[in-house]
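Subject: Structure for your review

Dear colleague,

Please find below the structure that I promised to pass on to you. My notes on what was found in it follow directly after.

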Amino acid sequence: MCASVKYSARGPALIPRMKTKHRMYYIALFSVVLLGLIATGMFQFWPHSIESSTDWSVDRHSVHDAPLVHLSASDPIPERGDLSCRMHTCFDVYRCGYNPKNRIKVYIHPLRRYVDDLGAPISSTGLSREYNELLSAISDSDFYTDDINRACLLIPSIDVLNQNSLRIRETAQALAQLPRWERGMNHLLFNMLPGGPPDYNTALDVPRDRPRKYFILSSQIALHMEYRTELETLKAENGEAMLILDKCTNLSEGVSSVRKRCCKGQVFDYPQILQESTFCVVLRGVRLGQAALSDVLQAGCVPVILADSYILPFSEVLDWKRAAVVIPEDNLSEMYSILKSIPAKQVEEMQRQARWFWEAYFRSMKNIVMTTLQIINDRIYPYAARSYEEWNDPPSVKWASVNSPLFLPLIPPRAPGFTAVVLTYDRIESLFRVITEISKVPSLCKLLVVWNNQNKDPPEESQWPKITVPLKVVRTTENKLSNRFFPYDEIETEAVLAIDDDIIMLTSDELQFGYEVWREFPDRLVGYPGRLHLWDHEMGKWKYESEWTNEVSMVLTGAAFYHKYFNYLYTYKMPGDIKNWVDAHMNCEDIAMNFLVANVTGKAPIKVTPRKKFKCPECTAIDGLSLDQTHMVERSECINKFATVFGTMPLKVVEHRADPVLYKDDFPEKLKSFPNIGSL
Amino acid sequence: MQAKKRYFIVLSAGACLVLLFYFGGLQVRATRNQSRREDRLRSPEQPWPHFSDNLQSFLPREQLANEDYNMHLSPRQKRDANTSLYKGKKCRMESCFDFSLCQRSGFKVYVYPQQKGEKISESYQNILSAIEGSRFYTSDPSQACLFVLSLDTLDRDQLSPQYVHNLKSKDLGFDIGQAMLAKASIGAENFRPHFDVSIPLFSKDHPRTGGERGFLKYNTIPPFRKYMLVFKGKRYLTGIGSDTRNALYHVHNAEDVVLLTTCKHGKDWQKHKDGRCDKDNAEYDKYDYREMLHNSTFCLVPRGRRLGSFRFLEALQAACVPVMLSNGWELPFSEVIDWNTAAVIGDERLLLQIPSTVRSIHQDKILALRQQTQFLWEAYFSSVEKIVLTTLEIIQDRIFKHISRNSLIWNRHPGGLFVLPQYSAYLGDFPFYFAALGVKPSSRFTAVIHAVTPLISQSQPILKLLVAVSKSQYCAQIIVLWNCDKPLPAKHRWPATPVPVVVIEGENKVMSSRFQPYDTIVTDAILSLDEDTVLSTTEVDFAFTVWQSFPERIVGYPARSHFWDSNKERWGYTSKWTNDYSMVLTGAAIYHRYYHYLYTNYLPVSLKNMVDQLANCEDILMNFLVSAVTKLPPIKVTQKKQYKETMMGQSSRASRWADPDHFAQRQTCMNKFASWFGTMPLIHSQMRLDPILFKDQVSILRKKYRDIERL
């Protein structure tokens with residue numbers, strides 16, 4: 001296809017050379033342009049819809065039914081356009097307005113048949129198949145509006161894909177007659193210079209892992225002798241790894257020359273041959289853009305582009321450096337060594353990337369036009385633009401990669417401290433002990449008690465332990481486990497310590513140290529009791545493990561530090577029905593949190609300090625939730641359930657825990673920052 | 001010409017006002033229209049019909065195939081013809097830049113010598129010395145591929161105190177011809193894409209190296225600050241750049257949107273004073289700029305006299321997301337930086353929509369934008385040196401297109417300056433992108449043992465070490481770097497090991513050779529060892545499993561710390577037992593092999609020479625480098641403190657660690673390094689990583705790394 005799709009040409013690279021006389025019209029034609037003054041943001045959702053589409057199939061339309069328009073020689077010819085157009089100078093943003101969906105509206109001028117005084121059509125081809133596809137795609141999309149008054153972008157139905165088939169002057173006149181043309185303001189024209197999208201879409205089925213026979217392939221037929229000679233020299237130096245094809249001269253009748261390439265009498269099928277090579281040359285011909293590019297991408301062959309100052313299609317959003325090799329034309333002779341120096345893994349990446357670009361952006365007229373509109377949309381609403389990753393990462397990478405929302409390497413200062421959030425129901429005595437213990441931690445900033453018992457009021461203010469930091473009680477409306485992870489406004493620090501009302505054995509040193517570790521890993525769960533998930537080969541499913549293991553993949557939120565951001569994620573962004581499931585079963589909220597954090601950051605939690613009994617040593621086994629047998633079974637079920645909802649097992653297993661630097665060192669205890677670690 | 005310009009400005013200002021009024025008025029009209037439109041039936045025009053005709057292709061392939069291309073000019077001639085066309089204002093790399101100069105000796109930059117009596121502003125002097133201090137600098141013009149003027153062309157604003165007089169003035173001062181322009185506050189109209197470089201406007205106090213860190217200390221949730229949107233600056237009553245700022249008061253609400261202007265600037269402001277001036281000025285004085293900057297979610301950066309303003313960098317550093325209102329400003333380094341990830345690009349024409357636009361931005365997005373401001377600030381803007389290096393790297397990337405950075409590298413931590421594309425084209429070969437690509441580092445390591453003493457006895461520590469390391473299940477190969485004056489020992493002197501042992505003679509037998517990026521190293525991880533290091537197989541295994549979780553950091557055993565010695569006003573180095581550490585010495589540490597490349601190719605010759613001459617401090621320098629890149633501390637694993645035989649007793653007399661000067665040198669090194677980096681990159685950590693069951697009261701048989709406890 002090779003299409004230089006034309007939208008606000010940046011630099012004259014895209015402008016084909018032609019006679020200066022025509023150039024003027026051409027410029028008028030191709031400066032992408034705009035106008036209108038409607039700034040209301042009141043766009044309504046246009047239910048362009050199923051019913052209407054069924055209508056179309058019933059009505060059989062023909063292009064010949066389109067109304068005839070006679071152009072006369074005296075009709076005005078638009079004046080020369082402004083070559084230095086920029087979005088802020090030639091595009092009328094008021095037409096697009098502010099709208100909550102951040103989506104532009106596109107209008108298509110209805111089809112007309114333009115003829116001159118003598119009744120001759122202005123274009124030799126009229127509406128081409130491709131342009132028809134393109135306009136249908138727009139009309140089927142969310143961008144479409146049938147109301148010219150609400151449109152931000154207007155598209156003429158005059159087909160200018162191939163300007164060679166146009167009568168330039170008459171086309172310019174026809175465009176000028178469009179309602180709201182206004183020197184092309186806010187109009188979008190599509191122009192593809194040579195070639196079109198290939199008509200053999202089904203011909204290629206890319207084999208993924210087959211080794212490719214050739215290293216470099218040149219398949220273009222319209223190469224200038226000068227470059228062909230240079231390629232031949234390269235081949236002479238590097239032998240069989242290179243294949244240089246040319247037009248076939250003696251094909252038998254009835255064989256399309258488009259589908260064949262030849263080399264020294266040997267005939268190759270095109271485009272299939274492209275799949276046989278690792279790299280495929282896309283060399284400057286008469287024009288910069290080359291039809292070969294699209295074929296090459298489709299074949300998953302890495303394009304090697306030698307066309308100085310060629311602006312690659314959609315280069316505003318597509319990162320071609322990840323899919324193609326660009327070599328200056330003058331360095332053609334070094335092509336072989338340059339390509340040889342690329343690591344094999346990168347070649348694989350580029351093949352995948354090339355194939356993805358084709359699949360997503362070049363495969364059909366529909367993909368091309370949707371990409372174009374999306375780019376314009378991104379310019380008009382830059383704050384809602386698609387991200388680099390959305391444009392460039394193939395689905396497999398999107399799936400496997402993680403982009404942590406807390407990506408800045410930052411060690412927050414100690415000063416703000418942390419907020420302890422204690423979830424409690426009615427164990428007052430134990431709760432008060434926990435509060436008293438935590439209050440000794442130097443970095444504690446505030447204590448928040450989440451009172452989950454609706455049937456009972458919290459104790460009188462006077463009965464609470466006297467502590468030096470503010471203590472707030474939040475009463476909940478329902479006894480739900482997820483209440484502990486609600487992003488309460490009362491939590492003013494980044495760091496949250498979630499702690500159960502029966503964890504009384506943690507020393508102040510242990511807690512303070514946990515906070516210090518959290519500061520070094522603010523995007524992780526940093527907690528005390530560690531747990532593990534295991535794959536049970538017999539049962540063929542995940543199993544929960546709380547025994548003494550050498551590995552850990554979860555830390556329980558019965559005592560853990562984490563970023564308040566994860567409260568917000570847990571409450572509002574938890575996938576599937578996990579939140580309800582947890583509340584219904586009154587279990588596994590901590591496992592859910594571990595899944596959530598690992599999934600969004602791709603990182604393992606950090607277990608701090610040695611294993612110890614965290615609850616009161618004298619308590620019996622039946623007391624408290626997490627000890628009975630059915631409970632453990634249920635937790636295994638949780639892991640399996642969550643893994644299904646997440647569609648993957650995000651938990652990461654590690655073999656380390658964090659201790660103070662001088663832990664267990666033979667060193668005076670009083671000189672250690674955290675002497676009281678691990679004691680029972 | 002001046003009159004013409006003024007006329008144009010007045011006209012465009014007028015036009016803008018008319019537009020604004022029209023826009024304002026239209027709101028009303030549009031709402032009225034709305035109802036009318038509702039009544040009318042939907043436009044009778046159909047959506048695009050589905051034609052049943054058999055349409056032709058717009059350009060049959062056959063037609064294309066039959067064009068005889070050799071009839072035309074040769075592509076080369078054609079290109080040359082274009083080249084002469086694209087000169088001056090239309091310059092591009094291909095037409096105005098001589099690539100052949102760079103092919104010879106790589107990307108080298110020459111600075112023209114300064115003429116006597118030439119006045120150079122402080123900022124420009126900083127730029128020049130940053131270039132001269134960079135690894136691209138050459139003093140030989142015949143080696144150079146890029147030439148930099150020593151004429152001060154920085155400030156062409158005649159009103160500015162920084163303006164350097166005596167340059168023949170016209171537009172930029174002189175005809176730039178085919179020269180590239182690195183210009184602050186450049187307008188898109190005059191910007192030659194992929195040829196000029198847009199740089200940020202920075203003040204004369206901008207530090208030459210190092211630079212302040214960003215102000216963001218925590219990521220609070222919800223991410224909103226006291227103010228939503230603020231601005232405080234001059235209002236120009238007439239002339240360029242007056243209209244946007246003149247209209248700001250429409251949006252100001254004195255609550256969370258605080259946009260303040262003052263008329264009080266220049267000598268004769270009273271003369272042009274308008275009706276709003278007194279009110280504005282009073283409001284202006286009520287607020288403190290710094291306070292607003294640090295307490296606002298968004299900061300408005302409207303054009304002033306120039307397109308760009310100092311506000312931009314100030315907001316960036318303050319983690320106040322810039323809201324750009326400067327149509328046509330080519331943002332700094334726009335060629336490589338994706339500003340949509342760190343700023344809101346507004347349109348001056350839509351000023352009145354700005355409040356609703358910023359309010360519509362989702363919390364998650366704000367959090368990301370804010371962090372990105374900090375990343376960009378620290379990566380490219382915080383010092384003159386960074387700005388200069390970024391400019392040079394952008395140009396270098398253009399010249400060597402096939403070995404250049406992609407957009408991901410530029411826009412993600414640690415940024416383009418620390419990621420050298422010459423190292424590898426594959427992102428997975430760097431330690432920074434595993435998460436972004438969804439891949440893992442390779443699961444094996446290469447051990448590099450630095451040998452300096454001849455092999456005499458079979459009980460030498462190096463042989464024990466060799467055996468212990470080779471037994472690690474993760475060990476791929478061992479490289480012995482022979483930096484000893486004595487000739488290589490015979491092959492049979494080395495013990496038999498399950499993995500290959502390669503002996504390499506160090507280049508010139510200098511210290512830096514231990515950080516050479518040897519081609520024989522193919523694993524991501526390197527275990528760097530001194531010859532007298534004592535480590536068990538278990539310890540090696542454990543350290544490696546930890547490294548796999550932190551592939552961008554140094555993970556190892558010998559921890560050291562730095563501190564600020566306020567009596568001597570310099571950095572101190574300590575090997576005492578402390579509650580924290582900031583370095584892990586490379587005598588027993590694992591890190592990514594990219595750091596070898598970075599050490600060799602990024603650090604200046606002066607520092608590497610210093611290390612070589614002292615035969616000391618290479619490990620400190622490596623720690624400086626890695627922390628400067630990651631902005632994170634290294635990681636110490638397990639309890640082990642004594643990892644040298646020398647520390648345990650007599651033996652090994654030749655060891656450099658026994659030398660009393662050795663320690664003093666290390667202090668000196670610290671300070672030298674800190675001054676080159678312009679800041680102290682080392683960061684303290686208070687924790688070490690132990691095996692999960694380390695010293696837990698459970699049967700030793702249950703423990704995977706039980707040997708670690710026995711030591």
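I begin with a charged pair in chain B, where Asp397(B) and Arg405(B) form a salt bridge whose closest N and O atoms are 2.9 Å apart. Please keep in mind throughout that this is a predicted model, and that every value below is computed from it. Asp397(B) has a relative accessible area of 6% and is therefore buried, and Arg405(B), with a relative accessible area of 1%, is buried as well. The pair belongs to a network of salt bridges that also takes in Arg135(B) and Glu393(B).

In one of them, the side chains of Arg484(A) and Asp500(A) meet at 2.8 Å, N to O. This pair links distant parts of the chain, with Arg484(A) in the loop between strand 16 (471-475) and strand 17 (495-500) of chain A, and Asp500(A), 16 residues away, in strand 17 of chain A. Arg484(A) is buried, because its relative accessible area of 3% falls under the 20% cut-off.

The other salt bridge joins the side chains of Lys641(A) and Asp577(A), at 3.1 Å from N to O. Lys641(A) lies in helix 18 (residues 629-646) of chain A, whereas Asp577(A) lies in the loop between helix 15 (564-573) and helix 16 (578-585) of chain A, so the pair ties together parts that are 64 residues apart in sequence. Lys641(A) is partly exposed at a relative accessible area of 22%, and Asp577(A) counts as partly exposed at 36% relative accessibility.

Within chain A, Glu520(A) and Pro412(A) are 108 residues apart in sequence, while their C-alpha atoms are 7.8 Å apart in space.

Chain A also contains an open sheet, in which five strands are arranged in the order 8-7-11-12-13 with parallel pairing. Strand 8 (242-244) and strand 13 (325-326) of chain A stand at the edges with a single partner strand each, so one side of each is left without a neighbour in the sheet. Strand 13 of chain A pairs with strand 12 (residues 302-306) of chain A in the parallel sense over two bridges, and Val304(A) stands opposite Val325(A), a residue of strand 13 of chain A.

Turning to chain B as a whole, I note that the chain has 24 helices and 20 strands, and that buried residues make up 57% of its 711 residues. Of the contacts in chain B between residues at least 6 apart in sequence, 73% join residues at least 24 apart. The accessible surface of chain B comes to about 30600 Å², and 53% of that surface belongs to carbon and sulfur atoms.

Helix 17 (residues 461-470) of chain B is largely enclosed by the rest of the structure, because eight of its ten residues are buried. Among these buried residues are Pro461(B), Ile462(B), Leu463(B) and Leu465(B).

Arg104(B), in helix 5 (residues 100-105) of chain B, counts as exposed at 54% relative accessibility, and its side chain reaches the backbone oxygen of Ser142(B) at 3.0 Å. Arg104(B) and Cys145(B) are 41 residues apart in sequence and 8.7 Å apart in space, C-alpha to C-alpha. Elsewhere, Tyr112(B), Phe147(B) and Leu149(B) make a nonpolar surface patch of about 240 Å². Of these, Leu149(B) lies in the loop between strand 2 (146-148) and strand 3 (182-184) of chain B and counts as partly exposed at 34% relative accessibility.

With kind regards

How values were computed
Residues are numbered from 1 along each chain as its sequence is written. Chains are lettered from A and ligands numbered from 1 in the order in which they are written. This is a predicted model: local features need pLDDT of at least 70, side-chain atom pairs count only at pLDDT 80 or more; totals for chains, interfaces and linings use all residues. Side-chain values use heavy atoms; hydrogens and water are left out. Helices (H or I, at least four residues) and strands (E, at least two) are DSSP runs, numbered from the N terminus. Buried means under 20% relative accessible area, exposed over 50%, partly exposed in between (1.4 Å probe, protein chains only). A polar contact is a pair of N or O atoms within 3.5 Å; within protein, one must be able to donate a hydrogen and the other to accept it, and residues adjacent in sequence count only if both atoms are side-chain atoms. Patches are made of residues with over 30% relative accessible area and no salt bridge: like charges are joined within 9 Å, nonpolar side chains (Val, Leu, Ile, Met, Phe, Trp, Tyr) within 5 Å. Accessible areas come from the Shrake-Rupley method with a 1.4 Å probe; for residues, only the protein chains shown count as cover. A salt bridge is a side-chain nitrogen of Lys or Arg within 4 Å of a carboxyl oxygen of Asp or Glu. Contact means heavy atoms within 4.5 Å. Two strands pair if DSSP finds at least two bridges between them.
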